[in-house]
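Dear colleague,

I am passing on the structure below, and after it I have set out what was found. Please read the notes with the coordinates open beside them.

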Amino acid sequence: MGRPPRHDVDGLLDAAATLVADAGPRAVTVAAVARAAGAPSGSVYHRFPGRPALLAALWLRSLERFQAGFLVAVEQDTPLTAARSAARHIVAWSRANPADATILLYAADDFDAPEWPEEDRERHRRGNRRVARAVGEIGRGLGRTSDRDKELLRMAIVDLPYSVVRRYYRSGQRIPRHAEDLAAECAATLLQASS
């Protein structure tokens, strides 16, 4: 039985995530990740054929971790409960996963998404479609299907919770536990008040 690799994919991506937290996505280069992980550049290239593949893997790992929990969170009995749960999940997950949340506060394009290998771009599109379908189901359940309604839904259960997360991260403060309750309450209030 062979030895496990000394520098595995997750270890290299963890080093890349630290670089993002310290200096943003531009700091993530193959050489910088190798230095941060204490690995030879060849170990990084062995797992990622170049910087676009490395950036794609970093972004997609964080995004898929988030989306897995989000899709579970929206499986609720009523659409309003699902909307509240979605808003709560964004804040709670971000508090529990600060490295991944820091990455997701950027956009995919900040990680050079147009340069990613096609299979990674398709993986990104597939994940986003699953989340869009789940949000669309909430909207249909609430009877909110107009373009304006869709914008309100996105604002209530995605944009508002992310603005809470962003505010705490930018100030260097830990997100308090009650922030997830406030995000859920705000989402419900917006969706009920605008009926």
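For the helix packing described here, axes are lines fitted to C-alpha atoms over the stretch in contact, and angles run from 0 to 180 degrees between N-to-C directions. Please keep in mind throughout that this is a predicted model.

With that convention, helix α4 (residues 51-73) and helix α5 (residues 79-96) pack at an angle of about 145°, their axes lying 9 Å apart, and the crossing of the two is right-handed. On the α4 side the contact is made by Ser62, Arg65, Phe66, Gly69, Phe70 and Ala73, which meet Ser85, Ala86, His89, Ile90 and Trp93 of α5. Sorted by class, the residues in this contact of α4 with α5 are six nonpolar, four polar and one charged.

As for the chain as a whole, it contains nine helices and zero strands, and its C-alpha atoms fill a box of roughly 60 × 35 × 35 Å along the principal axes.

The domain assignment divides the protein chain into domain 1 (1-48) and domain 2 (62-193), and the centres of these domains, taken over C-alpha atoms, are separated by 28 Å. Six residues from domain 1 and seven residues from domain 2 take part in the contact. Between domain 1 and domain 2 an area of about 470 Å² is buried, with carbon and sulfur atoms giving 76% of it. Of the area that domain 1 buries against domain 2, 74% is supplied by Ala17, Val20 and Pro25, which is more than any other three residues supply.

Finally, an unreviewed UniProt entry places the feature "DNA-binding region" at residues 29-48. In the model, the chain over residues 29-48 is 75% helix and 0% strand, and the C-alpha atoms at the ends of this stretch are 11 Å apart.

Definitions and conventions. Residues numbered from 1 in each chain as written. Predicted model: local features only at pLDDT ≥ 70, side-chain atom pairs only at ≥ 80, totals over all residues. Heavy atoms only, no water. UniProt positions renumbered as here; feature names shortened; annotations may be inferred. Helix = DSSP H or I, 4+ residues; strand = E, 2+ residues; numbered from the N terminus. Left-handed = near helix turned anticlockwise from the far one by under 90°. Contact = heavy atoms within 4.5 Å. Nonpolar A, V, L, I, M, F, W, Y, C, P; charged D, E, K, R; others polar. Domains from an automatic or database assignment. Buried area = accessible area lost by both parts, 1.4 Å probe.
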